[in-house]
Amino acid sequence: TKSIHSAQDMTTSLKMCQLMGMNCATLTDFSFSLRGFTRRGGATDVHSHGWGLCFYDGMGLRSFHDPDPAAESLLAEFLQSHP
């Protein structure tokens, strides 16, 4: 048998992190955008199920993942203060 869930059931049972993406033609300091993004991660919005950030650094890729809300993340705080 199939069970039918309401939209409310679906939004409360699914947990998804919020993703931020930037595409820049020149070298860019994303600190300003990251500050706004981290506030939405549990302080000003409901996105509190973790977060992640990836960016190219020269020929390599740096990837950061944190299961904590971005608004409370020590990793996010570190990345904002060390662009």
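The pLDDT is the predictor's confidence in each residue, on a scale from 0 to 100. It applies here because the structure is a predicted model. In this chain, confidence is lowest in helix α1 (residues 7–13), with a mean of 50, and highest in α3, with a mean of 88. Across the chain the mean pLDDT is 76, and 78% of the residues reach 70 or more. Where pLDDT is low, the predicted coordinates should not be read in detail.

**Overall arrangement**

The chain contains 3 helices and 2 strands. Read from the N terminus, its elements follow the order α-α-β-β-α. Of its 83 residues, 23% count as buried. The chain exposes about 6600 Å², and carbon and sulfur atoms supply 58% of that area. Among contacts between residues at least 6 apart in sequence, 38% join residues at least 24 apart.

**The nonpolar core**

The largest nonpolar core has 9 residues: Phe30, Leu34, Phe37, Trp51, Leu53, Phe64, Ala70, Ala76 and Leu79. Two or more of these residues come from each of α2 (31–40), β1 (51–57) and α3 (74–81). Beyond residues up to four places away in sequence, Ala76 touches Thr38, Trp51 and Ala70.

**Helix α2 and Thr38**

The buried residues of α2 are Ser31, Leu34, Gly36, Phe37 and Thr38. Their cover includes β1 and α3. Just after this helix, Gly42 takes a positive phi of about 120 degrees.

Thr38 lies in helix α2. Thr38 counts as buried because its relative accessible area is 4%, and the cut-off for buried is under 20%. The side chain of Thr38 reaches the backbone oxygen of Arg35 at 3.0 Å. Leaving aside neighbours within four places in sequence, Thr38 is in contact with Ala70, Ala71, Ala76 and Gln80.

**The strand pair**

Strands β1 and β2 (residues 60–66) run antiparallel and are joined by 7 bridges. Asp57 stands opposite Gly60 in β2. The hairpin formed by β1 and β2 has 2 residues between the strands, and Gly58 takes a positive phi near 70 degrees there. In a regular strand, the side chains alternate between the two faces of the sheet.

Ala71 is found in the loop between β2 and α3. Ala71 is classed as partly exposed because its relative accessible area is 39%, and this class lies between the cut-offs of 20% and 50%. Not counting residues up to four places away in sequence, Ala71 touches Thr38, Arg39, Gly41, Gly42 and Ala43. Ala71 and Thr44 are 27 residues apart in sequence, while their C-alpha atoms are 8.8 Å apart in space.

The table sets two residues side by side.

| Residue | Place | Relative accessible area |

Key. Residues are numbered from 1 along each chain as its sequence is written. This is a predicted model: local features need pLDDT of at least 70, side-chain atom pairs count only at pLDDT 80 or more; totals for chains, interfaces and linings use all residues. Side-chain values use heavy atoms; hydrogens and water are left out. A nonpolar core is a set of buried Ala, Val, Leu, Ile, Met, Phe, Trp, Tyr and Cys residues joined through side-chain atoms within 4.5 Å. Buried means under 20% relative accessible area, exposed over 50%, partly exposed in between (1.4 Å probe, protein chains only). Helices (H or I, at least four residues) and strands (E, at least two) are DSSP runs, numbered from the N terminus. Contact means heavy atoms within 4.5 Å. Accessible areas come from the Shrake-Rupley method with a 1.4 Å probe; for residues, only the protein chains shown count as cover. A polar contact is a pair of N or O atoms within 3.5 Å; within protein, one must be able to donate a hydrogen and the other to accept it, and residues adjacent in sequence count only if both atoms are side-chain atoms. Two strands pair if DSSP finds at least two bridges between them.
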